[in-house]
Amino acid sequence: MLAWFNARHWRRLLTLAGALVLIVASGNWAAQHELQSKTVALRQAAAAHVLGLRGLVEKHDFLPYAAARHPDVQALLSTPHDAALQRRVNAYFADLQRTTGAAALFLIDRAGLTLAASNWQLPSSFVGESYRQRPYFENALQGQRGLFYGLGLTTGQSGLFIAEAVRVHGVILGVVAVKISLEPLQAAWMRGSDPVVLRDGHGIVFLSAVPEWLFHSIQPVSAADLRWIGSHRQYGSRERFAVLPWRREPAADTGGFVLHTTVQGQRRELFALDTPLPELGWTLTVTTDMKEVVQARQAALMLSALAVALLLLGILYWQLREKRFVEQRAARLELERRVEERTRDLEEAHSFRKAMEDSLLVGMRARDAAGTIIYVNPALCAMVGYTAEELLGRRPPYPYWHPDDLEKQARESDEVLQGRATPQGFESRIRHKDGRDVITMVYTAPLVDAQGVHRGWMSSVVDITAQKQAEARQRDQELRLARSARLASVGEMASTLAHELNQPLMALSNFAIAARALAAQGATDMLAGTLDEIVEQSRRASEIVKRVRVFINPQRAHYESLRMENVISHAALLLKPELQRHGVQLQLLLDDAAAPVRGDTVLLEQVLVNLIHNALHAMQGQPAPCRTITLTCQRVEQLVSISVADSGPGIPPEQREQIFAPFFTTKPDGLGLGLNICRTIIEAHGGAMTVDDRAGGGAVFTFTLPVEP
């Protein structure tokens, strides 16, 4: 009897244990099944968020590249003080910002100083600010694509910065950067019921649907990372980042984890999934409430317990029939409610993903392994002119292929379908339905479904027609500028020759008049000297022609060792008759005129003649006793300084900056080339020329020449 009791007791215990195991197993199965369903939903939500992020970046990714090739942008880096050019670049950036919806565009020189910005007219303008410590500036200056998220140094507003180097003839002159605001995306996340979090490579949350999680880290930030963040001021003046109030538990066979945390002061249990974005260096975390998993477990436990109870308590079936019916009905209503909620959530997620796809400016096209088009977005339809119904189901050749490039496009399509597409993309010319040509860049990647099965190929198509047209216009403009420069050089050379020959020709005329007068008086001795001067001036005119040719071909220059006292004496002798005729006294103060210099005697003589002649004309309105020109020559260290000072009215301050400019003159019959030519000759000899006011009135023109070692 005792043995029978023990056997029955053990059977009851084993039955109860089996029932408990069955109940627990069913609950675990229901919870795991619900977790799998939520994993699929989270992956779809993550894919939609990732597509939105990438689409936002790709929408503006071309802006710095295109702006960096604008001729005004490149010209402003070469001439940063050109106010008119700066205004054009500011207006160009402002127009791009309004058209594309970017937060800001700005141009930085190599020193990190902002020269132009789309917000130049606002109090928070970037113009004049330095961003040399920003990583996107450092990367772009090294020829790399700059990508950086952080708080703005000027506005304090967060944003994603994309930077591109500005190259002119292969040399990096500066950086063009575009700022993209992610705040609308964060606002959309905050309207949702489930938290979404985006963190950087250091584990710091910089975008979140839960405001109290912002600028918190998933783990303690290392000292090296803190120094890097502080030195680049990624998050303003923040130096410490508290650890998030998260407790993570891995969820087996799902790839996600259970998150125990606090949201707005309430304890919550969330199921989360991380999605890395390696091209941006970020990690996206999407979550959903674990309430439904708990409810599924409870419902499964309840149903299994009920089934076990029915098996064990079959004799009570009729008594419990009504109660079981009520419970089943309640369970069915709860299940229907949950199904409706899930259906509504899936429809909202699908509608949101469809809205994101339709808002893309980049054309998207999906093809199966055989090349049949299975998906196109509105941007691609607008690009080719065909509706989605006209494209779906089509196989190569597609209707938008250019008739002149059919073989090339067929070859490129075969390369893509065989998995040999280049990650850099390729350029393709297509024919719009209305007959116009469209130039595109095509980027292709494998199309893999949620189960990891390769379904075909997804292509991104970018319209670069405007960029190509801009490049063609730029090349045409460069050709016209080169032609204009050559014509200007020819005109300046002709004017230079005319100006330089004026002096010896005028001297020839004076000597010829004197020779005729001497011949009439029979003064043969003086006549011979005058004729010698005529020959000398003819030789000098010939030398001037040769020296002008030196400007065309510098290899023909005739440089020799000389002393400035000889050049000064000969120039004074040439101008002696004209100085006497105008009652002007030339005072020579030659302290160090014997210092040796290396140069062209005729060209240096022309500089002195021109400066003395200009001083003579500047004193035409002065009284006779005041007409004195002082020519000083002295040595200053390794330079010889020659000054020509007059006692005329001087040069007004507003004209001093342009006194050496070509074609600027104060003489009614002047060409405005003399001082420009003089400075060119002195600079060709390694010296410099300046102009200053003379104490007591008048002007002083000074030029220096290096002393020959």
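**View 1. Arg 635 stands opposite Val 640 in strand 21.** The model is a predicted one, in which local features need pLDDT of at least 70, side-chain atom pairs count only at pLDDT 80 or more, and totals for chains, interfaces and linings use all residues. Residues are numbered from 1 along each chain as its sequence is written, and side-chain values use heavy atoms, with hydrogens and water left out. Strand 21 covers residues 639–645. Strand 20 pairs with strand 21 in the antiparallel sense, over seven bridges. Two strands pair if DSSP finds at least two bridges between them. Helices (H or I, at least four residues) and strands (E, at least two) are DSSP runs, numbered from the N terminus. The hairpin of strand 20 and strand 21 has two residues between the strands. Within this hairpin, Glu 637 takes a positive phi near 55°.

**View 2. Strand 20 also pairs with strand 18.** Strand 18 spans residues 585–590, and strand 20 spans residues 628–636. Their pairing is parallel and runs over six bridges. Gln 587 has Thr 630 of strand 20 as its bridge partner. Thr 628 lies in strand 20 as well. Thr 628 has 19% relative accessibility and therefore counts as buried. Buried means under 20% relative accessible area, exposed means over 50%, and partly exposed lies in between (1.4 Å probe, protein chains only). Neighbours within four places in sequence are left aside here; Thr 628 is then in contact with Gln 585, Gln 587, Met 619, Ala 645, Asp 646, Ser 647 and Arg 694. Contact means heavy atoms within 4.5 Å.

**View 3. Helix 11 covers residues 406–417.** Helix 11 has 12 residues. From its first C-alpha to its last, helix 11 reaches 16 Å, close to the 16 Å expected at 1.5 Å a residue. The expected span is 1.5 Å times one less than the number of residues. Gln 409, Glu 412, Ser 413, Val 416 and Leu 417 are buried in helix 11. Seen down the axis of helix 11, the buried residues fall within an arc of 135°, so they line one face of the helix. The arc is that of the directions from the helix axis to the C-beta atoms. Which strands do the buried residues of helix 11 pack against? They pack against strand 12 (363–368), strand 14 (426–431), strand 15 (437–448) and strand 16 (454–463). The face turned away from the buried side carries the exposed residues Glu 407 and Arg 411. Gly 419 follows helix 11, and its phi is positive, near 80°.

**View 4. Gly 159 sits in strand 4.** Strand 4 spans residues 158–168. Is Gly 159 buried or exposed? Gly 159 is buried, because its relative accessibility is 0%. Gly 159 and Ile 180 are 21 residues apart along the chain, and their C-alpha atoms are separated by 5.3 Å. Neighbours within four places in sequence again left aside, Gly 159 is in contact with Phe 148, Tyr 149, Gly 150, Lys 179 and Ile 180.

**View 5. Salt bridges join parts of the chain, one of them between Arg 88 and Asp 72.** Side chains of opposite charge can pair when their charged atoms come close. A salt bridge is a side-chain nitrogen of Lys or Arg within 4 Å of a carboxyl oxygen of Asp or Glu. The whole structure holds 18 salt bridges by this search. In the bridge of Arg 88 with Asp 72, the closest N and O atoms are 3.4 Å apart. This pair links distant parts of the chain: Arg 88 is in helix 3 (residues 83–100), Asp 72 is in helix 2 (residues 71–78), and they are 16 residues apart. Arg 88 is partly exposed, at 44% relative accessibility.

**View 6. Arg 248 forms a salt bridge with Asp 274.** Their closest N and O atoms are 3.7 Å apart. The pair links distant parts of the chain, with Arg 248 in strand 8 (residues 247–250) and Asp 274 in strand 10 (residues 266–277), 26 residues apart. Arg 248 is partly exposed at 41% relative accessibility, and Asp 274 is partly exposed at 26%.

**View 7. Asp 405, Arg 429, Arg 431 and Asp 437 are linked in a network of salt bridges.** Within the bridge of Arg 429 with Asp 437, the closest N and O atoms are 3.8 Å apart. Arg 429 is partly exposed, with a relative accessible area of 27%. Asp 437 is partly exposed too, with 33%.
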